[in-house]
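I'll jot down what I look up as I go.

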Amino acid sequence: MSKRRKALVAATAGLATVSLGLSFTSAAGAAPEASATNPNGLKLIKTKTSLLGKHYWYQQTFKGLPVVNGYYAKHVAKDGSVQVADGRDAVPANLDVSAKVAPASATQSANATVTAQAQSRSIGPNKSLVKKPAATSGAAQLAVVGGPDARLVWNVTSRSTEGVSQSLVDAKTGSVVDSKVISDNVDGRGSVFDPNPVVSTKNEKLTDMNDKNQDALFLAQKNVVLRNLDGSGKLNGSFVNIKEGNGGLAQNKNNTFVYQRANNKFEQVMVYYQINQAQEYIQKLGFKDANNESQDFSVDTIRDDNSFYDPSTDMITTGDGGVDDAEDAEVIWHEYGHAIQDDIVPGYGESEQAGAIGEGFGDYWAVTMSVPVSKGFNLPCVMDWDATSYTTDEPHCLRRTDTGKTTDDVDGEVHDDGEIWSNALWDIQKGLGRTKADKLILEATYFYDPDTSFAGAAQDTVQAARLLYGKAAAQTVTDAFKARKIL
Ligand SMILES: [Ca+2]
Ligand SMILES: [Ca+2]
Ligand SMILES: [Ca+2]
Ligand SMILES: [Ca+2]
Ligand SMILES: [Zn+2]
């Protein structure tokens, strides 16, 4: 999070016509700790100590109200010499500080502005279909704006999909005079499994032990940078919003989120990190509108050994049955696969085969996301860690992308039949490499019908391969689908 700084303003600016409400009561350079030496209307808000001295930061106030962005700092060197940075804005001495507009209505106007701005900047052809960014009210605070347009305002902090916004609402007229996003995308720190402890330690013997901390699992954790956070101190950012979490939301004002797996907040960090990885990868492939939004998550909030994507609320929920689902990135990525498809094809999955393609794509997406971090270990095995709770065979896999199933094996259950589809996609990756495969598979998705069939979606995929990479690539894709008896 960066604080906006303005250029230093000369203390005498505008003094001819307006009063700063200041009177220096003693010579500059006197002991700064004594408030009597400072101009009136300053409130000490922070004292910092550096190698060379002390730094006193003051908020400018007017009739007891903060002056927006008005600051005053005193830097006192070890030898006692004082440097002043005066960022105060002039305020007319007769400015009336009684509000005419109620804080609730100021908040409402501010939120409407923030929502409209976020909406106008959101990307994608379906933006009218996606959920509106919701600005939620913070506390409105009465404040004063100085300078040539001095006025009394309500200072409203709102949150939207763009992060944290500050709006200034004229407290006399109710008009929004300024609204801007004040949070930056910041990096935080976290600790995760990547993709899961079975794969990263190549150990099929690990067990859940009812979510207990274990040395072997602690050693499987990896320190990572959490990118694109909005700086609010929560796991909320450009591509992920941890909206609900069992036991409360992870929060840290320094954006440091290091937990062990017995702490439910560990799963929240997993979701944040692994979804951000996925969306960054998608954008690197060139797709700027494949679920390019802050995807909502509800983490560990159901007791089932299950996770799901709910298209009606555009929310992914992960359960904590067996191994907490969100301790395995492949569960997270599988569900994100559904969110990607639902974002690209409104109403996706309206037929059994479309549903199977959805499951197969989710599994494939989990596997392809695992490729760079799995060092080749059991790549086609889906959810190696989560599956330790309910499988005895090693390797532990919920499903695989190399079962060899064909359409002869269709049984009408979407997850089972998804293995036919995921096997084809995996073969495409083996034939063309990860980047080309993922690019053409995502590209093809834009052409899917909501009720598409294996054959229909396969034809879209062949076509995407041909247009992106030519005849030979299209043939590789065709062969992959023929091997599954899809084409
Ligand atoms: Ca856990
Ligand atoms: Ca979404
Ligand atoms: Ca589980
Ligand atoms: Ca795996
Ligand atoms: Zn699924």
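This is a predicted model: local features need pLDDT of at least 70, side-chain atom pairs count only at pLDDT 80 or more; totals for chains, interfaces and linings use all residues.

Donors here are N, O and S atoms within 2.8 Å of the metal (3.2 Å for Na, K and Ca), and sites may look incomplete because water is not among the atoms. Histidine 338 sits in helix 5 (residues 329–344) and glutamate 359 in helix 6 (residues 352–370), so this pair ties together parts that are 21 residues apart in sequence. My note on the terms: helices (H or I, at least four residues) and strands (E, at least two) are DSSP runs, numbered from the N terminus.

Are histidine 338 and glutamate 359 buried or exposed? Histidine 338 counts as buried at 15% relative accessibility, and glutamate 359 is buried with a relative accessible area of 10%. The cut-offs I use are under 20% relative accessible area for buried, over 50% for exposed, and partly exposed in between (1.4 Å probe, protein chains only).

**Calcium site**

Next I went to the calcium ion (ligand 3). Its protein donors are Asp305 (OD), Gly321 (O), Val323 (O), Asp325 (OD) and Asp386 (OD), lying 2.2 to 2.4 Å from the ion. Along the sequence I read the spacing of these donor residues as D-x15-G-x1-V-x1-D-x60-D. One pair links distant parts of the chain, 63 residues apart: valine 323 is in the loop between strand 15 (315–319) and helix 5, and aspartate 386 is in the loop between strand 16 (381–382) and strand 17 (399–400). I looked up both for burial, and valine 323 and aspartate 386 are buried.

In what order do the strands of the open four-stranded sheet come? I find 11-13-15-14, with mixed pairing. Strand 11 (240–245) and strand 14 (307–310) are the edge strands, each pairing on one side only. From one strand to the next, the twist averages 20°. For pairing I follow the rule that DSSP must find at least two bridges between two strands.

Strand 11 pairs with strand 13 (residues 295–302) in the parallel sense, over five bridges. Within that pairing, asparagine 241 has aspartate 296 in strand 13 as its bridge partner.

I then looked for helices against this sheet. Helix 4 (residues 264–284) lies across strand 11 and strand 13, at about 160° to strand 11. The angles run from 0 to 180 degrees between N-to-C directions, with axes as lines fitted to C-alpha atoms, for helices over the stretch in contact; contact means heavy atoms within 4.5 Å.

Strand 1 (residues 42–49) runs antiparallel to strand 2 (residues 53–62), and seven bridges pair them. The two form a hairpin with three residues between them, and I noted tyrosine 58 in strand 2 as the bridge partner of leucine 44. Strand 2 also joins strand 3 (residues 65–77) through nine bridges, again antiparallel, with tyrosine 56 opposite lysine 74 in strand 3. Their hairpin has two residues between the strands, and lysine 63 takes a positive phi there, near 50°.

A reminder to myself: most residues other than glycine have a negative phi, and most peptide bonds are trans. I found a cis bond from aspartate 194 to proline 195, with omega near -5°. Another cis bond joins glutamate 394 and proline 395, with omega about -5°; proline 395 lies in the loop between strand 16 and strand 17.

Methionine 209 is not a glycine, yet its phi is positive at about 50°. I have methionine 209 down as partly exposed, at 43% relative accessibility. Asparagine 378 also has a positive phi, near 40°, and is partly exposed with a relative accessible area of 26%.

Note on methods: Residues are numbered from 1 along each chain as its sequence is written. Chains are lettered from A and ligands numbered from 1 in the order in which they are written. Side-chain values use heavy atoms; hydrogens and water are left out.
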